[in-house]
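Thanks for coming. I have one model to go through, so let me put it on the screen.

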Amino acid sequence: MKKTILAIIMLCLLTPFVLYAQDVSQLVEKVKAKIEQVKDYTASGKMKTNVSFLKVPVANVVIYFKKPNQLKIKNEKGISFVPKGTVSINLNNVLSSGSYTALDAGVDKVAGIPVRVVKLLPSDENADVVLSTLYIDEARQVILRSRTTTRDNGSYELEMSYAKYVSFGLPDKIIFSFNTKEYKLPKGMTFDFDDGSAVKQEAGKTKNKKGRAEITINSYSINKGLADDVFK
Amino acid sequence: MSAIIDVHHLSKQFKEINAVNDLSFTVNEGDVYGFLGQNGAGKSTTIRMLLTLVKPTRGSIRIFGKDLFTHRTQILRQVGAVIEKPDLYKYLSAYDNLALFAKMSGIDPTRSLLLNQLKVVGLEDRAYSKVKTFSQGMKQRLGIAVALVHDPKLIILDEPTNGLDPQGIADMRNLILKLSREMGKTILVSSHLLSEVELIASRMLIIHKGKKMVEGNVAELLDPSKSLVQIETAHNADARKKLEHSKWNGLLLPGTKNIQLKMNKEDVPDLIADLVGMEIKLLSVNPTHSLEDYFLSLTTQPGHVEAFAD
Amino acid sequence: MWKLLQIELYKIFRKPRTYIAFGAIAAFILLIQLALLANGKDYLQFGLGFLDDSFEIPYDKINNGYWICFLVLNLLLIHVPILVALVAGDIVSGEANMGTLRLLVSKPISRTQLVLAKFFAAVTYVIALLAWMALFALVLSIVLFGTGDVVVAKSMEMHQIEKVDVLWRYFAAFGFAALALILVASLSLLLSVLSDNSIGPIVGTVCIIIVCTLISEMQIPLYDKYLRPYLFTTYMLGWKGFFYIAVDGDGQTIRGSVENMPAILKSIGVIVTYTLVFVTASVMVFRKKDILS
């Protein structure tokens, strides 16, 4: 009798966790299913690059994507310094290949919107992604923020906002944060004109080695077909 | 006859060296004025001051009746000069050099004027040859052409026969005489050769260690009938003072230790009588040197000058 | 004065030595262009390769005519003062050495006018040299490599200027470079007036510029505080200021802007002041000088 009562109590205590675990996994699957509608897209927009040592103009860019993980950001007319790792803005990468364990990490808010925080641990020990933390808008089934730590490519963070293309899980604004190396060239090579700004630059040098790229998408052209040589 | 060049108490000091010392002389209109002296006597420095290349330390220079330094541009328009060995732009032709300097002299030369000028100096066949291919004589002639191209009233020639062969020297002499006699130019010629000055100059000045030694009419100064009479007395300074207040003053020559006069040999007895009358104790009277010797001694070797020194 | 200037220009451009500079510049620029045609990407990678880990660097796009012109100016404008000194240093002392100065000064022209005519002739030579450099460095580079955005690599940051925003900056930069080289010419003129031989002023100018540039670049605190602000070489690189672009609050470049215009204007002021001082000194010295050559 006593054993039975103990078993019932354990079952009652553990069941919510099991139910929750199934809940989070299902949420992630729903998000993934939405994203997987998109086989390819061509998106045009503007990219602002905010890196302490880069003074660059706002660039008109075109983003090409083809399933499962081909992504290219191009500036057709000018020069853009595209951060490496922008392949990570492909959310398929985040939710990618193989299996993973989804853990509920509670709730939070992103830009005032309530989100479910989910931690994804890839099952494949050799996968590049070590850990992803997703902030998912449950109502719209889209990812508003993700923090990903990779084995070989450092960590990066994505923030997304959605409007017209929310049904496809495609954001209209992506903010991509990444790590950068220190920039320094010998003065004997550059022969800078010293206009007094060097002191300010020296002061700012050690502040942060993080960069930010903000991409605002004007339009997507979805599932129209894309040749592979666009990604070369 | 008006004075074209009027120099008063002109001096030039370079650090401790008195290159020119209290020099005064006058060049009259139409003169061929010989400016004689050894090398280093101060001739070139004087000429450079006349051409405003060098600023005098003291003294005044008037040319064409105007002060040189306040009317410089106006005066130099009427002056042509050859200064020592004339150097021109080696990478340009004779014609181009002449055209360039003609424009700098304030005229707008025509092609025919330039070619004619080259013809006058005998360079018409080499008008378009580069100056670097010219001999010294040819450069000298081109220098003359440059000096004459703007038809100046006053021509200053500093050692114009330097580096010329005998034919070149003769040609230069004839040119100077032609400029003077046919074209009425006033010419100042410096030289260290009495023989050259003698043949062309009407008046001359001898300069030695920056000081004027003698100035006057060439014919008079080099009159062969006149001798150089050297007098030695017991008190030369006193004797000189007395002679300066006597009728013999004009014949006294400056600058030597013993007393020297340029005079006719026939007047020597009168001189001796006057010297005795002035109670000057005569030790010797020696009319052995000719005037030419005197001038040569001043303008050539330093040893000869010492022989006349006190 | 105009006639005098014409005569001085005639003398400069009839002298074979004058054309050494033009030949050297053309040869140097053509060599650079040839090298970049063959190995432009490698050269850029050598300089910017350390960023390869973080960014996709579009080397082929960076290697365009506008960028090549910047590179040429960066390399050449340090050495062009020597070519300026070659002509300006000779402009009075060369005449003294040749023996023509005494003939010139005995002509009915004021010494002030003579020196100024020589100065303006040197200025004309500088402008001709820069126009020649612009022809090869800018025009020919555009013909060979096309146009594109210019990426300017400073020691602590990189500036990118959009293609449409580049050309006016080159006009401004060449204008500034002209002022800087005119300053060099005026220094050479002063040394030329003080000397009676050609080599002294040329070598003197080059030595002064080298020593002053070294002091300007060495970053020794003592020199930086007491010497650097007063050296004209500190300001001669001001043409680059036209390629340092300002950014907005978001860190994006502002088209048509210059990061520090007051610094450029200050440099221009210093350069013009030094030029006036050197030219005035040249006139004063020449007016008093005894011509003994």
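The model is predicted: local features need pLDDT of at least 70, side-chain atom pairs count only at pLDDT 80 or more, and totals for chains, interfaces and linings use all residues. Residues are numbered from 1 along each chain as its sequence is written, and chains are lettered from A and ligands numbered from 1 in the order in which they are written.

In chain B, four strands make an open sheet, ordered S2-S1-S4-S5, with antiparallel pairing. Strands here are DSSP runs of E, at least two residues, and helices are runs of H or I, at least four, numbered from the N terminus; two strands pair if DSSP finds at least two bridges between them. At the edges are S2 (17–28) and S5 (66–67) of chain B, each pairing on one side only. S1 (3–14) of chain B pairs with S2(B) over eight bridges, and Ala3(B) stands opposite Asn28(B).

Next, the helices. H3 (94–104) and H4 (111–120) of chain B have axes that come within 10 Å and cross at roughly 115 degrees. Axes are lines fitted to C-alpha atoms, for helices over the stretch in contact, with angles from 0 to 180 degrees between N-to-C directions. That makes H3(B) roughly perpendicular to H4(B), the term for 65 to 115 degrees.

Finally, 20 residues of chain C are in contact with 22 of chain B, contact being C-beta atoms, placed from the backbone, within 7 Å. On the chain C side, helices H1 (2–14) and H7 (101–105) each give two or more residues.

Technical notes: Angles under 35 degrees count as roughly parallel, over 145 as roughly antiparallel, 65 to 115 as roughly perpendicular and the rest as oblique. Two residues are in contact if their C-beta atoms, placed from the backbone, lie within 7 Å.
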